Amino acid sequence: MAPRLTCDFCYHECSLAQGQAGSCGVRVHQGDSIRTIGYARPVSIAVDPMEKKPMYHFLPGHNTLSIALFGCNYTCTFCQNHSISQKESALFNSIINGRLEEVRCQEVVKMLISSGAPVMSYTYSEPIVWQDYMLDIARLVKEHGLLNCMVTNGSFSKSSLERILPLIDAFNIDVKGDEEFYHTYCGGRLQPVLDAVTNIASRDDKVLEVTTMVIEGVHTLDMIETLGRQLHDAGVKVWHLSRFFPHWKMRDINETSERFLEKALECAFRSDIEFIYGGNTMSNTWQATKCPGCDTILVTGRRYGTGASHFTAESITDGHCGNCHTSIYGKFGLP
Ligand code: SF4
């Protein structure tokens with residue numbers, strides 16, 4: 001009998017017998033290796049503003065070319081992109097049967113260059129489970145002097161994070177709730193995600209932003225406060241809290257009210273994380289970037305995480321506040 005092989009793409013580290021798929025469904029032991037089903041067959045390619053990732057401290061005001069293959073290693077009942085991530089989705093059969101068009105890595109990079117965007121983003125589904133395709137593109141992107149951004153649930157194995165770090169310049173990591181929340185709603189765990197967040201936050205050459213979708217009636221303010229302390233201790237500088245809308249298997253819960261999000265943002269603010277932002281909200285209160293040194297508004301104009309940034313007159317020069325010269329976390333200009 002052929003020996004089992006272990007996939008090290010995420011911390012599940014599935015041990016797979018010949019022909020067996022991992023819990024993500026897209027990594028399969030075939031022959032003498034583990035293949036990614038749907039490699040080079042994207043389910044989505046689009047040009048977005050960086051703000052839509054959301055990334056507010058990594059080249060705001062610039063566009064990015066976003067790409068996704070099918071798949072995810074979590075089973076979040078509230079998934080906003082379940083049609084391209086969850087195995088129950090009708091699209092999964094098309095992936096298994098190889099019915100999607102192939103887009104080779106070189107073609108993706110050509111699209112990036114012709115779009116004029118300086119950043120390639122791996123996003124929408126979970127790039128950890130298709131990191132082989134991501135890294136093949138990311139290497140070419142680097143060769144052209146351009147940048148890479150990954151939007152992820154942060155469930156790296158230790159070895160996959162080390163493999164990915166040299167090629168990815170910016171991360172937005174979803175930190176979803178406490179351990180019980182991960183166990184009940186996601187089929188995942190918080191601690192390995194916090195470990196990855198701590199590792200990435202310690203690196204001066206990376207930009208890290210964290211996002212939490214706040215579900216009223218499930219997340220409590222105590223949970224937000226505790227999470228804020230954990231993220232602060234992990235070295236996080238930018239935290240987005242966004243409003244939940246009913247999706248997928250969580251349609252029986254109402255959308256999060258503006259009022260509850262506001263309270264959650266106030267809790268988050270007490271964590272002393274330097275930059276706190278609201279997402280999926282009509283309110284402008286938590287959209288601006290303020291200098292942590294002098295409170296001057298440096299960037300405004302973001303609505304629903306999609307609007308382009310507007311840089312105020314004082315704004316940011318060489319990574320510093322134009323008014324008091326305090327250093328502002330992130331990357332705000334191209335070399
Ligand atoms: S990506 Fe994760 S869930 Fe999928 S096979 Fe590999 S270790 Fe298992």
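Reply: Helices (H or I, at least four residues) and strands (E, at least two) are DSSP runs, numbered from the N terminus. On that basis, the chain has eight helices and 17 strands. This is a predicted model, in which local features need pLDDT of at least 70 and side-chain atom pairs count only at pLDDT 80 or more, while totals for chains, interfaces and linings use all residues. Residues are numbered from 1 along each chain as its sequence is written.

Me: What makes the radius of gyration of the chain agree with that of a compact globule?

Reply: The radius of gyration is taken over C-alpha atoms, and the globule rule is 2.2 Å times the number of residues to the power 0.38. For 335 residues a compact globule would have a value near 20 Å, and the chain has 20 Å, so the two agree. Along the principal axes, the C-alpha atoms fill a box of roughly 65 × 45 × 30 Å.

Me: Why is Pro-49 called buried?

Reply: A residue is buried if 20 or more other C-beta atoms, placed from the backbone, lie within 10 Å of its own, exposed if 12 or fewer, and partly exposed in between. Pro-49 has 21 C-beta neighbours inside 10 Å and therefore counts as buried. Pro-49 belongs to strand S5 (residues 44–49). Of the 335 residues in the chain, 47% are buried.

Me: Why is Thr-300 called partly exposed?

Reply: Thr-300 has 17 other C-beta atoms within 10 Å, and therefore it is partly exposed. This residue lies in strand S14 (residues 297–300). Leaving aside residues up to four places away in sequence, Thr-300 touches Gln-287, Ala-288, His-310 and Thr-312; contact requires C-beta atoms, placed from the backbone, within 7 Å.

Me: How do you know that the buried residues of H5 line one face of the helix?

Reply: Helix H5 (residues 179–186) has Tyr-182, Tyr-185 and Cys-186 as its buried residues. Seen down the axis of H5, these fall within an arc of 100°, so they line one face; the arc is that of the directions from the helix axis to the C-beta atoms. Glu-179, Glu-180 and Thr-184 are exposed on the face turned away from the buried side.

Me: How do you know that domain 1 and domain 2 are in contact?

Reply: The bounds, from an automatic or database domain assignment, are 38–283 for domain 1 and 288–335 for domain 2. Contacts link 18 residues of domain 1 with 16 residues of domain 2. The side of domain 1 that touches domain 2 has 10 nonpolar, four polar and four charged residues; Ala, Val, Leu, Ile, Met, Phe, Trp, Tyr, Cys and Pro count as nonpolar, Asp, Glu, Lys and Arg as charged, and the others, Gly among them, as polar. The centres of the two domains, taken over C-alpha atoms, are 22 Å apart.

Note on methods. Two residues are in contact if their C-beta atoms, placed from the backbone, lie within 7 Å.
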